[in-house]
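Visitor: I am new here and would like a tour. Could you show me what we will be looking at?

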Amino acid sequence: MTSIVPIGPFHPLQEEPEHFRLHVDGETVVDIDINIGYNHRGIEKLAEARTYDQIVFLVERICGICSTSHPIASVNAMEDAGNIEVPERALYIRTIIAELERLHSHLLWAGLAGHFLGYNTVFMWAWKYREPLLDICEKITGNRNHYAMMKPGGVRRDIKPEHQEELIKVMDELMPKLLMLYNAVADDPVLHSRLKGVGILTPQDIHDHCALGPTARASGVAIDVRRDHPYAAYDRVEWNVITHPGCDVFAKTVVRLLECVEAAKIVKLCAENMPEGEIDSKPTEIPPAEGIGHAEAPRGETFHYLRSDGTNRPARYKARAPTFMNITTNTDAVIGESISDATIILAAIDPCYCCTERMAVYDAKSGEKTLTGNDLVRMSQQKTERIRKEFGL
Amino acid sequence: MNQTVADEVIAELGSKVKNVFVHNRRRVYIDVDPEDFVDTAVYLWKDRHARFAIASGLETTAGFEVVYHFAFDRNDMILSVRVKARDKERPSLPSVAGRIKAFAFIERELHDLLGMDFPGHPDLIPLLRAEDWPEDFYPLRRTNVGPDGKESST
């Protein structure tokens, strides 16, 4: 008999409400329906009635975790349309803020993934190491998130010399912890048997869905906007695009953790090598034109398109977040897998999806609730525990 | 380098390309007729390994158009393919979703928000549209009749 497991759509921890209906036969997922659109806010339409300066603030509200990737893509689009030059120092500041965001976003995911798997130590470690990052963000920008740093032509705030030094210190302290976290995952036999071979996405699947970011890079597809279409100061510092050929959830975990190491490296290099000078070229107009801007958000490419008619607001504004492309890969990743692995597979694309509280199993015929969300998390955690015992750990 | 890739693609597409606009070395725009678009998209995605980034649909004074953005990640270039719908009253463009999975969601979104039809789409059900929205209310259109019956234009 096939049961239906509804997951979602709302939870306070999610900024992107999604609703999955898993069709389950025994323990195996046989089909999945994906529904979105529960919280459509009409931001593209709103943007048509806002000035370019206001739009940067508006798009910052699209996402609560990767809040700075949308403003960067947005100013890139405006600068592309208007052929606007940006001072060197501003490019470095944009890079620092973007990488701090990647660090705290990936650590947030690592913590949640740990919790889903019954590794609450990982959850507590990852979120503990995240705190100094949010503190330094608050010192530089005035906020733990939603930094309001970007503007067409530059950035709104400079980074003070003392904060530059503190950035270097925080990154030096963070690096050994990130490596420890990575080694803890890479050496753990239980995590290997729990995550390896689970939620497979082949490079062809990535190409079919045009998937992005760590989801693609964990299938060995080396795409990264920061390297392929350089913006900000990414072409001015040395760093590596992290890929993994595993195609499974383990590979996605490794890619994200190693990206944290690279991000810390980039922040430190930028803080050390930031040139002095202006932070804003103060552009005054955007001529009639089309502009495209994109940026590598923690979850993949964020893409913005605008059409200017020469007034102070766009005739059309399009914003596409990475999860829009990544979410459909779940159809290939989750079918055929077991229900106790579904939580971590759906969470593996990092759709800011944390809504286990809303999970419940219904009997497809009677509609009766048979399993609660807590039951499903417990099933996932119990599977880890079982494997742990088998390994004699 | 970039120019070469764009030139190659445009040469290969031949008479399908009706117009070319080079904004700068990283952004190239081409115009393609609706009946040629499916072949163009499959060629770019399959033969040239371009990544379909997204499509932006809009209503202009001349009618409806959709700009499909293809990223050439190895060449630091975005090729945008502009396709204009012929019918201004009931805009419609051929669906690519049956050939390339990545088009499925955005075509559903354009159907919801702009009222663009995609004949051939395997499952053109609402994606973002609320259940209680009135029929024929498409928020991204220039002129709309709102739920209160008043006409608004932007």
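Visitor: How many residues does helix H2 of chain B have, and how far does it reach from its first C-alpha to its last?

Guide: Welcome, and please keep in mind that this is a predicted model. Helix H2 of chain B covers residues 34-47, which makes 14 residues. At 1.5 Å a residue the expected reach is 20 Å, and the helix comes close to that, with a span from first C-alpha to last of 20 Å.

Visitor: Why do the buried residues of H2(B) line one face of the helix?

Guide: The buried residues here are B:Phe37, B:Thr40, B:Ala41, B:Leu44 and B:Trp45. On the other side of H2(B), B:Glu35, B:Lys46 and B:Asp47 are exposed. Looking down the axis of H2(B), the buried residues line one face because they fall within an arc of 115 degrees.

Visitor: Are H4(A) and H11(A) roughly parallel or roughly antiparallel to each other?

Guide: Helix H4 (residues 88-116) and helix H11 (residues 249-273) of chain A pack with their axes 9 Å apart, at an angle of about 155 degrees. Their crossing is left-handed. Angles over 145 degrees count as roughly antiparallel. H4(A) and H11(A) are therefore roughly antiparallel.

Visitor: Is A:Met78 buried or exposed?

Guide: A:Met78 sits in helix H3 (residues 69-82) of chain A. Its contacts, leaving out residues up to four places away in sequence, are A:Tyr52, A:Ile84, A:Pro152, A:Ile286, A:Gly291 and A:Leu306. A residue counts as buried with 20 or more other C-beta atoms within 10 Å. A:Met78 has 26 of them, so A:Met78 is buried.

Visitor: How far apart in space are A:Met78 and A:Glu285, C-alpha to C-alpha?

Guide: In sequence, 207 residues separate A:Met78 and A:Glu285. In space, C-alpha to C-alpha, the distance between A:Met78 and A:Glu285 is 9.8 Å.

Visitor: Which element gives the most to the side of chain B that touches chain A?

Guide: The contact takes 25 residues from chain A and 24 residues from chain B. On the chain B side, strand S2 (27-32), strand S3 (51-60), strand S4 (63-72) and H3 each give two or more residues. With six residues, the element that gives the most is S3(B).

Note on methods. Residues are numbered from 1 along each chain as its sequence is written. Chains are lettered from A and ligands numbered from 1 in the order in which they are written. This is a predicted model: local features need pLDDT of at least 70, side-chain atom pairs count only at pLDDT 80 or more; totals for chains, interfaces and linings use all residues. Helices (H or I, at least four residues) and strands (E, at least two) are DSSP runs, numbered from the N terminus. The expected span of a helix is 1.5 Å times one less than its number of residues. A residue is buried if 20 or more other C-beta atoms lie within 10 Å of its own, exposed if 12 or fewer, and partly exposed in between; C-beta atoms are placed from the backbone. The arc is that of the directions from the helix axis to the C-beta atoms. Axes are lines fitted to C-alpha atoms, for helices over the stretch in contact, and angles run from 0 to 180 degrees between N-to-C directions. Angles under 35 degrees count as roughly parallel, over 145 as roughly antiparallel, 65 to 115 as roughly perpendicular and the rest as oblique. A crossing is left-handed if the near helix is turned anticlockwise from the far one by less than a right angle, and right-handed if clockwise. Two residues are in contact if their C-beta atoms, placed from the backbone, lie within 7 Å.
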